[in-house]
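I opened this notebook to record what I looked up, one entry at a time.

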Amino acid sequence: MNLDQRSAARLAIVQALYQMEVAGKGLNEIFAEFEAHWIGREIEGVQYKPAEVSFFRDVLQGVLTDQVAIDRQIDRVLSGGWPLARLETVMRAALRAGAYELRARKDVPPRVVIKEYVDVAAAFFGPTESGMVNAVLDKIAREERAGDMGQGDGR
């Protein structure tokens with residue numbers, strides 16, 4: 001497992017979830033599009049890094065399969081009664097993907113999951129939004145994996 005490929009997969013997952021929500025694309029269409037045209041390709045002068053495709057597929061499929069439960073958990077954790085539905089689409093995608101990893105990918109230390117999705121949020125938003133991703137995912141990590149919160153880096 002290449003750590004950079006996992007990071008690239010997470011960015012692609014957030015972009016794919018965004019595309020699915022905004023354009024109404026289905027999972028198989030997204031898999032085909034991202035694997036053929038995005039991952040590891042240059043688009044409009046931007047070089048997209050190679051991504052770990054099996055990880056991309058697992059997390060994307062998992063978010064969709066568990067989305068109702070994931071959304072309920074995020075809604076419960078969001079402070080001030082601010083529902084997930086009111087958040088910007090990319091922010092929702094990052095929170096959903098991070099929550100799925102914390103719930104289902106026990107092979108990835110929770111602090112790595114949190115840091116990676118904070119980094120993804122920082123690529124699109126400012127420090128306030130990145131801080132919110134950090135706070136929400138930290139609360140979910142403490143619910144899902146309290147015993148793992150002391151582990152180090154194993155992206």
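**Entry: a charge over a ring.** I first looked up R57, which lies over the face of F31 at 4.1 Å from the ring centre; a charge sits over a ring if NZ of Lys or CZ of Arg is within 6 Å of the ring centre and within 35 degrees of the ring normal.

**Entry: ground rules.** I note that this is a predicted model, in which local features need pLDDT of at least 70 and side-chain atom pairs count only at pLDDT 80 or more, while totals for chains, interfaces and linings use all residues. Residues are numbered from 1 along each chain as its sequence is written, and side-chain values use heavy atoms, with hydrogens and water left out.

**Entry: the whole chain.** I find 7 helices and 2 strands in the protein chain, where helices (H or I, at least four residues) and strands (E, at least two) are DSSP runs numbered from the N terminus. Along the sequence the pattern reads α-α-β-β-α-α-α-α-α. Of the 155 residues, 46% are buried; buried means under 20% relative accessible area, exposed over 50%, and partly exposed in between, with a 1.4 Å probe and protein chains only. Among contacts (heavy atoms within 4.5 Å) with a separation of 6 or more, residues 24 or more positions apart account for 69%.

**Entry: the core.** Which residues touch the most other members of the largest nonpolar core? I13, F56, L60, I74, L95 and Y117 do, in a core of 46 residues, that is, a set of buried Ala, Val, Leu, Ile, Met, Phe, Trp, Tyr and Cys residues joined through side-chain atoms within 4.5 Å. At least two residues of this core come from each of α1 (3–23), α2 (27–38), α3 (53–65), α4, α5, α6 (110–124) and α7, and α5 gives the most, with 9 residues.

Entry: I placed E88 in the loop between α4 (67–77) and α5 (89–104), where E88 counts as partly exposed at 38% relative accessibility. The side chain of E88 reaches the backbone nitrogen of V90 at 2.7 Å. Neighbours within four places aside, E88 is in contact with Y18 and F125. Y18 itself is found in helix α1 and is partly exposed, with a relative accessible area of 30%.

**Entry: helix α7.** The buried residues of α7 are S130, V133, V136, L137, D138, I140 and A141, and what covers them includes α4, α5 and α6. I also checked the length of α7: at 1.5 Å a residue, its 18 residues should span 26 Å, and its end C-alpha atoms are 25 Å apart, which agrees; the expected span is 1.5 Å times one less than the number of residues.

Definitions and conventions:
Polar contact = N/O pair within 3.5 Å; in protein donor to acceptor, adjacent residues only side chain to side chain.
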